[in-house]
Amino acid sequence: MLLKSLMTMMGLTTLAIPALASEDHYADILKRAYVSSSSISQETLDSFRVSEEAEPGAVKELCAKIGLRFKKFGWEEDPCGKLPWRATLRTVKNNPLLFITYGTGSDATLILSAVHPDELTPIPMGFRLAKHLSENPGLVSTDQQVIIAPLVNPDGFFAPNPTRTNARGVDTNRNFFTLDWYEKSMTWWKTLKMKKLSHFPGHFPNSEVETVFQVRLIDEFQPDKILSIHAPLGFIDYDGPGDQKPIHMNEAERQAKALAGAISQKSKNYRVVDYSFYPGSLGNFAGNERHIPTITLELSTTDAKKVDSYWNQFLPGLLQAISYPFKKTIERTNNTQKFYSDFNDKPRPKTDKT
Ligand SMILES: [Zn+2]
């Protein structure tokens with residue numbers, strides 16, 4: 001009650017107070033009222049960069065931390081191995097955002113996992129796939145490139161109990177700058193999600209470094225297809241050309257949409273659904289607006305003990321996602337502008353010229 005009156009005194013009554021929230025949540029909301037609305041902007045960019053000199057040490061330190069955390073969940077493997085991981089950005093909790101690339105071809109596939117680390121089962125999948133590709137270099141042909149970001153939300157993973165949101169309480173899969181973000185995001189969150197904190201889309205789109213990280217990977221590598229691993233809904237969902245269009249598809253749409261079926265077939269005929277997308281989600285941003293076939297693979301439980309069986313079931317599907325022959329045709333939409341296009345640029349040398 002004290003907190004409630006305090007908030008009223010401070011004029012914070014219009015803040016999102018979840019209808020179902022317990023008293024514990026008010027502290028979180030109050031805290032959030034005092035952080036800046038956006039964690040990242042052109043002005044704060046430098047503080048999110050990992051410099052070239054700091055990169056190897058930062059990656060090593062993070063990998064050791066992930067290894068310890070893996071043991072807690074009964075995963076006895078060394079997650080990173082000795083692979084050439086990259087990290088050019090870090091989170092507000094100073095955890096580098098890892099990615100790795102295989103091949104240099106033009107047919108690119110982006111694979112993401114652990115966007116929502118409270119969903120435990122997808123977490124080792126990205127790391128295992130990276131190792132598998134390292135051990136079997138023939139799997140990525142000369143005309144292909146694979147980019148894997150296995151732990152998109154490390155801060156959520158390192159929380160005492162892993163959270164869906166990042167350290168700032170934002171669901172980064174609702175934070176992409178989609179055309180419907182301003183119109184729908186808050187309304188959907190308040191009504192459909194009953195202001196559930198774990199689904200909070202942020203105060204602004206693209207406000208989180210984890211979102212910007214994914215946007216950067218898309219901008220830089222221009223993937224022809226994307227696969228993001230989640231749990232526990234137990235299906236494959238497709239967003240992109242031909243989505244929600246059962247008939248009258250053109251050849252490109254038909255081929256893009258068939259990607260979901262091809263992955264399903266290689267994954268013991270896993271169920272495919274035609275779900276729609278949310279404001280600010282990756283499927284909406286990449287699949288719907290940028291026309292990049294985007295697959296969400298939802299494993300069927302978050303039970304940490306099931307990782308081995310999911311790995312065996314879905315490895316052929318993951319490899320299918322990589323080898324499936326699809327080259328996206330460049331289509332201009334209203335929202336294809338690059339964000340932070342100078343993100344990886346080194347600071348420009350100062351000159352006297354004006
Ligand atoms: Zn999820």
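Cys 80 is buried, with a relative accessible area of 1%. I start there, and please keep in mind that this is a predicted model. The partner of Cys 80 is Cys 63, and the two form a disulfide with their sulfur atoms 2.1 Å apart. Cys 63 sits in helix α3, residues 55–72, while Cys 80 is in the loop between α3 and β1 (100–102), so the bond ties together parts that are 17 residues apart in sequence. Cys 63 is buried as well, at a relative accessible area of 12%. The torsion about the S-S bond is -85 degrees, which makes the link of Cys 63 and Cys 80 left-handed. The disulfide count comes to one.

Next, the zinc ion. Its protein donors are His 116 through ND1, Glu 119 through two OE entries, and His 230 through ND1, at 2.1 to 2.6 Å. The spacing of the donor residues in sequence is H-x2-E-x110-H. The two histidines link distant parts of the chain: His 116 is in the loop between β2 (107–113) and α4 (123–135), and His 230 is in strand β4, residues 225–230, 114 residues apart. Are these histidines buried or exposed? Both His 116 and His 230 are buried.

As for geometry, the angles among the four donor atoms run from 54 to 142 degrees, and the site is irregular. For reference, the ideal angle for four tetrahedral donors is 109.5 degrees.

Last, helix α6, residues 181–191. Trp 181, Ser 185 and Trp 189 are buried there. They lie on the same side of α6, because they cover an arc of only 20 degrees around the axis.

Key
Residues are numbered from 1 along each chain as its sequence is written. This is a predicted model: local features need pLDDT of at least 70, side-chain atom pairs count only at pLDDT 80 or more; totals for chains, interfaces and linings use all residues. Side-chain values use heavy atoms; hydrogens and water are left out. Donors are N, O and S atoms within 2.8 Å of the metal (3.2 Å for Na, K and Ca); water is not among the atoms, so sites may look incomplete. Four donors count as tetrahedral if all angles lie between 85 and 135 degrees; four count as square planar and six as octahedral if opposite donors are over 155 degrees apart and all others between 65 and 115; anything else is irregular. Helices (H or I, at least four residues) and strands (E, at least two) are DSSP runs, numbered from the N terminus. Buried means under 20% relative accessible area, exposed over 50%, partly exposed in between (1.4 Å probe, protein chains only). The arc is that of the directions from the helix axis to the C-beta atoms. A disulfide is a pair of cysteine sulfur atoms within 2.5 Å.
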